[in-house]
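Welcome! Let's read this structure together, one question at a time.

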Amino acid sequence: MKRAHFAQRILRQRPCRNAQQVNLKTYSPRSIPNWIASQPQGDHAARQLALTRWATSHPQREKAVVSGFMHRQGKKQMATLNINGQNKSVDAAADTPLLWAIREQLQMTGTKFGCGAGLCGACTVHVNGEAVRSCQTMVGDVAGKKITTIEGLSAKGDHPLQKAWIAEQVPQCGYCQSGQIMQAASLLSKNTNPTKDEIVAHMDGNLCRCMTYSRIQKAIMRAASEMRTASVAGERRAT
Amino acid sequence: MNSHVKLSDVQSTDLSRRSFLVGTAAAGLALGYSAVPGIDTAFAATPANFDPSVWYSIAPDGIVTVTCGKADMGQHIASTMAQIVCEELGANWKDMRVQLASNDPKFNDPVLGAQITGGSWSTMMNFDAMSRAGAAGRIALTEAAAASMGVPPFYKDELVVRDSVVTHPKSKKSMTFAEIVKSGKATKTFTPDELKAIKLKTADQYTLIGVSVPQLDIPSKTNGTAKYGIDVMLPGMVHGAVVTPPVRYGATVKSVDDSEAKKVKGFVKAVILDDKTATTTGWVVAVADTYANAKRAAGALKIAYDGGPNAKLSSEQLFTEAKRLQGLHDSGQFFVKDGDTRAALGTAAKVVEAEYTTNINIHAPMEPMNATAEFKGDILHVYSGNQFATRSGAIAAGAAGIDPKFVVMHQMWLGGGFGRRLDADMMVPAVQAAKAVGKPVKVIYSRENDMTMDFSRPLTYQKVKAGLDADGRLIALDHDVVSAWPTERWGIPDFLSPSVDKKGPLDAFTVNGADFFYTVPNHNVRAIKNEMAHNATPSGQLRSVAPGWTFWAVESMIDEIAQASGKDPAQYRIELLDGKGANAGGAQRLRNTLLAAMGMAGYGTKQLPKGEGMGVACVSSQERATASWTACVAHVAVSPSGEVKVKKLTVATDVGTQVHPDNIRAQVEGAALWGMSLALFEKATLKDGGIEQTNFDTYTPLRMSQTPEVAISVIANGEKATGVGEPAVTVVAPAIGNAVFNAVGARVRSLPITAEAVKAAMKA
């Protein structure tokens, strides 16, 4: 296997929407490493993703971040996050990865740190309903947007996917599973009848070191089936 | 290494010398072995003195909480321990809960004498003790219930215990466990002899063992509430990011310039580790108010290093050194020395010789290494998910410069273990940073720290020489294994084994598996320590440990021998598994799993398209004394460019007794896919003394799109329960290698199997 190609493939497949969250004007193309420049030109999302990844490892980016929503309270930089339906104030600079604001400031630890580079999916949350890697999403990029974490996916931990995860006894160590469930949820919110290939394509950016992949697939199929049944039942009631 | 570390409390935990106590404690009923051997009954009668090693408790509401001394890294061992207790106790599974034990000799493994989780040992080594603990509780509860119900003691055999209720069918009286606990009458002491005399259930009486009950930890792992080490939050805590040197081991810090780091908001201090345990070298911790700020500060530190003695080493040099050592006649020690291989090879009609290698492999559990340390008075509290509390507590103490008895290890769920968390390096930065700043500190490795500072599976070089007689029978085998010695690094003599040539102890965790169950009259196995690799790449125990490489060599070689003698490789194995002498029993079980896998896969019955093939392998992982019996048929398709696609893995495994069938399947599937990942996708390399791969873009474990169908057959024949977490790892790589040969005639002898190597071998 050609490793670089593999990484690129993952980047391409990942249905992230970080593209909307980065201000392109603040970057000089010359400073972007070659491998990012080598991303297919037509693949805007992947390019942007690579860019965010590069940017977080380069502190000079700090100054460039759009931070119109920020207000200073004494020495603290406070930001407001709309998370799981509630507005929360966090003490974090605009260029702080959303992941750490969620975990440390809000002490919601269900969202996990895995690689810090958008390569494993353990930190997946939803921003306006789309799955994003919270380690690659900056606090300053999500102002006014709706963030959903595993804690907010359902009121009682009974989202069809969560129930299916239990029914199929998916988790082993469980560390990646919040990210897996959030990634899967973004698929089923648009498509409750995915094929196996669609599931694989959607989930391939999420690593599971315990290798529970086949159970993840089964659980997604099960949840999708439940959602279809519920939806049919709902339509029947409505008529 | 670790000369400064003394293991405290590695005392005998022989439970056969201890009483079992059932007593009333503040929170209900506590049940466990006495802390001190030979405790007398007076203790149990006075609850104030009641301090057993609480293996489980029953609260006044009837909830049974089992304390698990094992690290739970996804193998659901806590749930399994609860299941074993629950079976004999007669509780309702809905009433069962688990908690994780802190470091305490009370929770030492009854067989191993230390708090350590590995080797796929937990179930087999704790089955009897947990069963007896459960049965003792049932007896105490039953007797108390009999007294309360007014049933004379000699009628107690008429009582039925089921689903947390004790019932006397004749009088139609019943009491729940909750009511019995509230009555305060369930107090009893079992002498060691009484405990031993308890008649445990036989397999036909089981109502819970063998049933796939819902795992107790799974709901918390679907809603974000399971707490891992990385999730620990303490009041007043600050955060540490590690800066590790470019050299894996042996570097020292010459100077640290923190002038830029000081400009980072929230920066507290840069702490240069002074690690007298020698677990780490040249590490610096940047401490700040948040982890994001600690990372910023870490990035702003300017550190000058002396690279040390290993700064120029590469994987190639480690292989060259291994070859040199193997070529020396007096290097290493013998692990197996049966018959006279030299004479037999001299008379052999045919000699087959080959060398097999494996590259460095990285554990890379999804939860990066982390630890949180807090000094409270004289006590050092460490929060971390760890597989070896006994040693890790001692390392933490060594890092703090205090006696290990002052260290409390708070066990957390492990976000993957795979052997990585047997090591204690993460304790050192947390403890020393906490000491330096006077606050609790949580240290989290970046993925880059985690990969480049892994206690990796060592690079291995093996030379195998086989002699065949005129009929193609295997009459002699010389097997040399050259590697770093991961377990010797622990500095615990008990984990080493005497060599058969009496040349001092050897690290059997580098050669286990090479003492297989095939009958070979003349058989040598030599364990050779690669000192250069040992120093440059401190190695660890990676899921399945030695059998992960020894069976790669053995099972590839058996195929090569079969090929040389013109026989079917599966049939050749069956003939070697004749069960003669010391191989009796084991060999037949292994043969049967091989036959089962062959049958399931349709081995030899299917016409495969061009470029496809099937390969077999069978293994007795982990150690010979603790073997499970596992066989695999790999079905692969090989493209003309050498790309290997695994179409299906068929695995049969004989586990003796299955406690939880569904979990066994999950573990075997995960292990088999690990084996495939190691066989095809995972490779780390050393260059200029450092590991080159830093994240999942360059170190690339198997993903969903690469996952083949895995068919599993679990054989439970009523023998003792064996381990399932690791053995299937070891069988897959040789099965794939053999399948590649079967498909296209290309023999690859190095892991991972690359398209380039396959293509090169196709031409040859």
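Contact here means heavy atoms within 4.5 Å. This is a predicted model, in which local features need pLDDT of at least 70 and side-chain atom pairs count only at pLDDT 80 or more, while totals for chains, interfaces and linings use all residues. Residues are numbered from 1 along each chain as its sequence is written, chains are lettered from A and ligands numbered from 1 in the order in which they are written, and side-chain values use heavy atoms, with hydrogens and water left out.

Q: Which residues does A:Asn82 touch, not counting residues up to four places away in sequence?
A: Start from the place of A:Asn82, which is strand S2 (residues 76–83) of chain A. Helices (H or I, at least four residues) and strands (E, at least two) are DSSP runs, numbered from the N terminus. Leaving out residues up to four places away in sequence, A:Asn82 touches A:Asn87, A:Lys145, A:Lys146 and A:Ile147.

Q: Why does A:Asn82 count as buried?
A: Buried means under 20% relative accessible area, exposed over 50%, and partly exposed in between (1.4 Å probe, protein chains only). A:Asn82 counts as buried because its relative accessibility is 18%.

Q: What is the length of the polar contact that joins the side chains of A:Asn82 and A:Asn87?
A: A polar contact is a pair of N or O atoms within 3.5 Å; within protein, one must be able to donate a hydrogen and the other to accept it, and residues adjacent in sequence count only if both atoms are side-chain atoms. For the side chains of A:Asn82 and A:Asn87, the value is 3.2 Å.

Q: How many residues of chain B are in contact with chain A?
A: Look at both sides of the pair. Chain A brings 59 residues, and the residues of chain B in contact with them number 67.

Q: What is the area buried between chain A and chain B?
A: The size of an interface is often given as the accessible area lost when the parts come together. Buried area is the accessible area (1.4 Å probe) that two parts lose on being put together, summed over both. Carbon and sulfur atoms give 56% of the area between chain A and chain B, which is about 5100 Å².

Q: Which residue of chain A forms a salt bridge with B:Arg296?
A: A salt bridge is a side-chain nitrogen of Lys or Arg within 4 Å of a carboxyl oxygen of Asp or Glu. Between chain A and chain B the count is six. With its closest N and O atoms 3.0 Å apart, the partner of B:Arg296 is A:Asp95.
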